[in-house]
Amino acid sequence: MMLPDEILEEIYQIREEHAKAFNYDPELILADCLERQKQFEKEWKGKIKFIKTPLKRRKEN
């Protein structure tokens, strides 16, 4: 039996509240997430480096 993970429970609660605020409409939830991402990038532009190119994969033998 797994013990409850407080951090995951908090994430689930926040996610549930966010979905409820948009009446569980996936298009509205996604639109809000994209808008929040744009705002974050504007606020942090030049302060942190975003990875714009995919990481190189290791060669497998």
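Modeller: The discussion below goes from the overall fold to single residues. This is a predicted model, in which local features need pLDDT of at least 70 and side-chain atom pairs count only at pLDDT 80 or more, while totals for chains, interfaces and linings use all residues. Residues are numbered from 1 along each chain as its sequence is written, and side-chain values use heavy atoms, with hydrogens and water left out.

Colleague: How many helices and strands are there in the protein chain?

Modeller: Helices (H or I, at least four residues) and strands (E, at least two) are DSSP runs, numbered from the N terminus. In this case the protein chain has two helices and zero strands.

Colleague: What share of the residues in the protein chain is buried?

Modeller: A residue is buried under 20% relative accessible area, exposed over 50%, and partly exposed in between (1.4 Å probe, protein chains only). Of the 61 residues in the protein chain, 7% are buried. Accessible areas come from the Shrake-Rupley method with a 1.4 Å probe, and for residues only the protein chains shown count as cover. The protein chain exposes about 7000 Å², of which carbon and sulfur atoms supply 57%.

Colleague: Which residues form a nonpolar patch on the surface?

Modeller: Patches are made of residues with over 30% relative accessible area and no salt bridge; like charges are joined within 9 Å, and nonpolar side chains (Val, Leu, Ile, Met, Phe, Trp, Tyr) within 5 Å. Here the patch consists of Ile7, Leu8, Ile11 and Tyr12, which together have about 380 Å² of accessible area. Tyr12 belongs to helix 1 (residues 6-21) and is partly exposed, because its relative accessibility is 40%.

Colleague: How is a salt bridge read, and which residue forms one with Asp32?

Modeller: Side chains of opposite charge can pair when their charged atoms come close. The criterion is a side-chain nitrogen of Lys or Arg within 4 Å of a carboxyl oxygen of Asp or Glu. The structure holds one salt bridge: Asp32 pairs with Arg36, with the closest N and O atoms 2.7 Å apart. The two residues, Asp32 and Arg36, are four residues apart in helix 2 (residues 26-44), so about one helical turn separates them.

Colleague: Are Asp32 and Arg36 buried or exposed?

Modeller: Asp32 is buried, because its relative accessible area is 17%. Arg36, in contrast, counts as exposed at 53% relative accessibility. If contact is taken as heavy atoms within 4.5 Å, Asp32 touches His18 and Phe22, not counting residues up to four places away in sequence.

Colleague: What is the length of helix 2, and which residue caps its N-terminal end?

Modeller: The expected span of a helix is 1.5 Å times one less than its number of residues. Helix 2 has 19 residues and reaches 27 Å from its first C-alpha to its last, close to the 27 Å expected. Asp25 caps its N-terminal end, with a side-chain oxygen 3.0 Å from the backbone nitrogen of Glu27. After helix 2 comes Gly46, with a positive phi near 85 degrees.

Colleague: Where is Asn23 placed, and what is its phi?

Modeller: Asn23 lies in the loop between helix 1 and helix 2, and its phi is near 55 degrees, a positive value in a residue other than glycine. Asn23 is exposed, because its relative accessible area is 65%. Tyr24 is also found in the loop between helix 1 and helix 2. Although Tyr24 is not a glycine, its phi is positive, about 60 degrees. At 44% relative accessibility, Tyr24 counts as partly exposed.

Conventions. A polar contact is a pair of N or O atoms within 3.5 Å; within protein, one must be able to donate a hydrogen and the other to accept it, and residues adjacent in sequence count only if both atoms are side-chain atoms.
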